[in-house]
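Reader: Before I work with this model, I would like to learn how to read its features one at a time. Could you give the general idea of each, and then the case at hand?

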Amino acid sequence: MLTLLRPALVLTALFTVLTGLAYPLAITGLAQGLMPRQANGSLITRGDRVVGSELIGQAFAGPRYIHARPSAATSAADPADATKTVDAPYNAAASSGSNLGPSSKALLEAMQARADALGVAQAPADLVTASASGLDPHISPAAALMQAARVATARGVAPARVEALVQRHVEGRSFGVIGEPRVNVLALNLALDAELP
Amino acid sequence: MTPDLLQAALYAALLVVIAVPLGLYMARVFSGEATFLAPLERALLAPAGIRGEEGQHWTRYALSLIAFNAAGFLVLFLLLRFQNLLPLNPQGFDGVPAHLAFNTAISFVTNTNWQSYGGETTLSHLSQMVGLTTQNFVSAASGMAVAAAVARGFAGRQVRTIGNFWSDLVRSVLYVLLPLSVLLAIAFVATGMPQTLAASVDATTVEGGRQTLALGPVASQIAIKQLGTNGGGFFNVNSAHPFENPTAISNLLSLLAILALPVAFCFTYGRMVGDRRQGVALFAAMGVMLVLAFVVLYAAERIGNPLHAGLVAPGSGNMEGKDVRFGIIGSALWAVATTAASNGSVNAMHDSLTPLGGLVAMLQMQLGEIVFGGVGVGLTGMLLFVILTVFLAGLMVGRTPEYLGKKIEAREVKLAALTLMVMPIGALALAAIAIVAGAAQGSIQDAGPHGLSELLYAYSSATGNNGSAFAGFNANVPFHNTMLGLAMMLGRFGYIVPILAIAGSLAAKKTAPASAGTFPTHGPVFVVLLVVTILIVGALTFLPVLALGPIAEQVSILAAKTF
């Protein structure tokens, strides 16, 4: 048995150095050198203020903005009392889906409430369902267009201008095949602020 | 629907194009023909006191593997327990509790990568990098070594040895896993996956809120997580997290990485046993089952949930627990691939799949993770069914069963039949104990049949060494952490040791030339027989409990009943 102990321990140690330290550190070095923007989270800054990441969704509640999907990443430690949690949709430090099953009454009620709030029968599914990550940065083009009128009213501009901006922000399938047509909510809202303030 | 099927076809085509040459390359690696990294090999083996050419008897091979995995378990367990005292802990996380450290260490050593913890809220960078990433490599390499040894044993002619575990382990990492991971990690960063030692960035959102963006050395871990059929994510929601799977392109690359090595092993096997048709037959049997699984799961998700039909636009499908950039097809392909391959990473929440979608995911694990399965061990798991199938075929025609010219006798059939008990014990008996002991009721989130599905999924996933979850199930309690840890060990070594024993016994046998009465094991007849054997065994074992879980749930949502 002792003859097995030496290779087991020595190789565990050597592989830890090779694959646990050298490999991730080498990749970190390469990534930081070659693609620093991506390697650091694809951050979007306005002046010296970080407003978010182009990859991570954030919560929008006001009428002036296109709203993102319902998020189940909703709890965070209360800053005032660590034993409690507070509502924090799009909490990017604690990703989560709802994990509610297909026969769940809670899911059906939540979807009903969202549909009622939207005031539309048979809304685009992504606006009444919670995403997998709770941080979904995208909504479907239909879901964005549906909100154009509200945003236009709140901003006092013609709906056609908002719709045109939405259309410009529709990302198609990669190479025409891979993925789904979608709209990045944060990018669109930043464009709204810049172009139709 | 057409764009969906185009994506599925593109995926399948790319997968085969990658897997065939990769499989033939691995055959060269394991038969010692590839030598361009020989100095590095020696640098690792010499300090360990190993001469790679030295063949091992199957018992010695198995003991080496167990000793190595035991050492890995110990190191990882201690690392997690004491991460608070170690460097690279920017968030200042506490040491991991004993039951969770036990579960996590077993989980990563057995290539399951079940996550009882939320990555970004529990583990330090040191734990993730040094602990988990290392095991991602070496647990996958252990499985690859088993496949190499088994192929050698099946092909051997009256020899006592089936190769050297240490050499196979080192070669798997150096020639296959490490180079592929480097390429994939760089490609992942290009799609937007972070790779930094910083822990997080604080952002002030457009509406003035605060958002803490958790970061870390993500890409390097995700590359090997997918290639090694590991599946343990950096973040809680795994590959649904936009930092862990930023775009449709990273999704496709991940999907390819999940199945590339398991598919390639079919071709490695064919070449190593000197008859490529044998490997193609296994590929065909696995491929047929994968396509069947995809058709059912995809259709169920595309049609969606009848309960929600009045609330969502027609044709939306079931979008609960799915992200928009992947859509129905990107999520369905993933759910099928990850449960076929014992990978266990997810890009959609399986708990929110339709009942039939969830059933397919569960059944693929319950069949024993042989629809391509884990790297290496998926192939060897399938070979156990091959032995049972030639035995059944032999019974039908009244001849001694043969495989690759070797007589399959009582010892091999007994060992193979023994492994049929692994999944029922782990997935059914241990889950039943959890219910009787009252531990299940507190952990399930959903009422009704879905609650049973949550429990069943957890124990099937652990025993199948998959690692995906119906994540509403709270497994992070001492009872389930312990029981699921035992299930993972059973599901790993309960297959590996018997198949190595069979390989050892076949290696020692004479090879007889094929005669007119030999039942060929490469044609369509054999493939059909093999698939039918697998499905009958799986169905007989699991249909009763599936009827109480997902099937009952499907019936109830059709009757508009919620829980």
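**Salt bridges, strands and helices**

Author: In chain B, E402(B) forms a salt bridge with R399(B), and their closest N and O atoms are 3.6 Å apart; a salt bridge here is a side-chain nitrogen of Lys or Arg within 4 Å of a carboxyl oxygen of Asp or Glu. E402(B) is buried, with a relative accessible area of 16%, whereas R399(B) is partly exposed at 36%; buried means under 20% relative accessible area, exposed over 50%, and partly exposed in between, with a 1.4 Å probe and protein chains only. This is a predicted model, in which local features need pLDDT of at least 70 and side-chain atom pairs count only at pLDDT 80 or more, while totals for chains, interfaces and linings use all residues. Residues are numbered from 1 along each chain as its sequence is written, chains are lettered from A and ligands numbered from 1 in the order in which they are written, and side-chain values use heavy atoms, with hydrogens and water left out.

Reader: Which residue forms a salt bridge with D136(A), and are the two buried or exposed?

Author: The partner of D136(A) is R69(A), with the closest N and O atoms 2.9 Å apart. The pair links distant parts of the chain, 67 residues apart, since D136(A) lies in the loop between α4 (125–128) and β5 (138–139) of chain A and R69(A) in the loop between β2 (49–53) and β3 (75–77) of chain A. Both D136(A) and R69(A) are buried. Helices (H or I, at least four residues) and strands (E, at least two) are DSSP runs, numbered from the N terminus.

Reader: How should I read a sheet, and which strands of chain A form the open one?

Author: Strands of a sheet pair through backbone hydrogen bonds, either parallel or antiparallel. Here three strands of chain A form an open sheet in the order β5-β7-β6, with antiparallel pairing; two strands pair if DSSP finds at least two bridges between them. β5 and β6 (170–171) of chain A stand at the edges, each with a single partner strand, so one side of each is left without a neighbour in the sheet. Two bridges join β5(A) to β7(A), which spans residues 182–184, and H138(A) stands opposite N184(A) in β7(A).

Reader: What do the two faces of a strand tell me, and which residues make up the covered face of β1(B)?

Author: In a regular strand the side chains alternate between the two faces of the sheet. For β1(B), residues 200–204, the covered face consists of V201(B) and A203(B), while S200(B), D202(B) and T204(B) make up the uncovered one. Five bridges join β1(B) to the antiparallel strand β2(B), residues 210–214, where A214(B) is the bridge partner of S200(B). These strands form a hairpin with five residues between them, and G208(B) in the turn has a positive phi of about 95 degrees.

Reader: Where is S342(B), which is not a glycine but has a positive phi?

Author: S342(B), whose phi is near 50 degrees, is found in the loop between α11 (327–340) and α12 (355–366) of chain B. At a relative accessible area of 3%, S342(B) is buried.

Reader: Finally, at what angle do α10(B) and α13(B) pack?

Author: Helix α10(B), residues 276–303, and helix α13(B), residues 377–397, pack at about 100 degrees with their axes 11 Å apart; axes are lines fitted to C-alpha atoms, for helices over the stretch in contact, and angles run from 0 to 180 degrees between N-to-C directions. That makes α10(B) roughly perpendicular to α13(B), where angles under 35 degrees count as roughly parallel, over 145 as roughly antiparallel, 65 to 115 as roughly perpendicular and the rest as oblique. In α10(B), L282(B), A285(B), M286(B) and M289(B) meet G378(B), L379(B), M382(B), L383(B) and V386(B) of α13(B), contact meaning heavy atoms within 4.5 Å.
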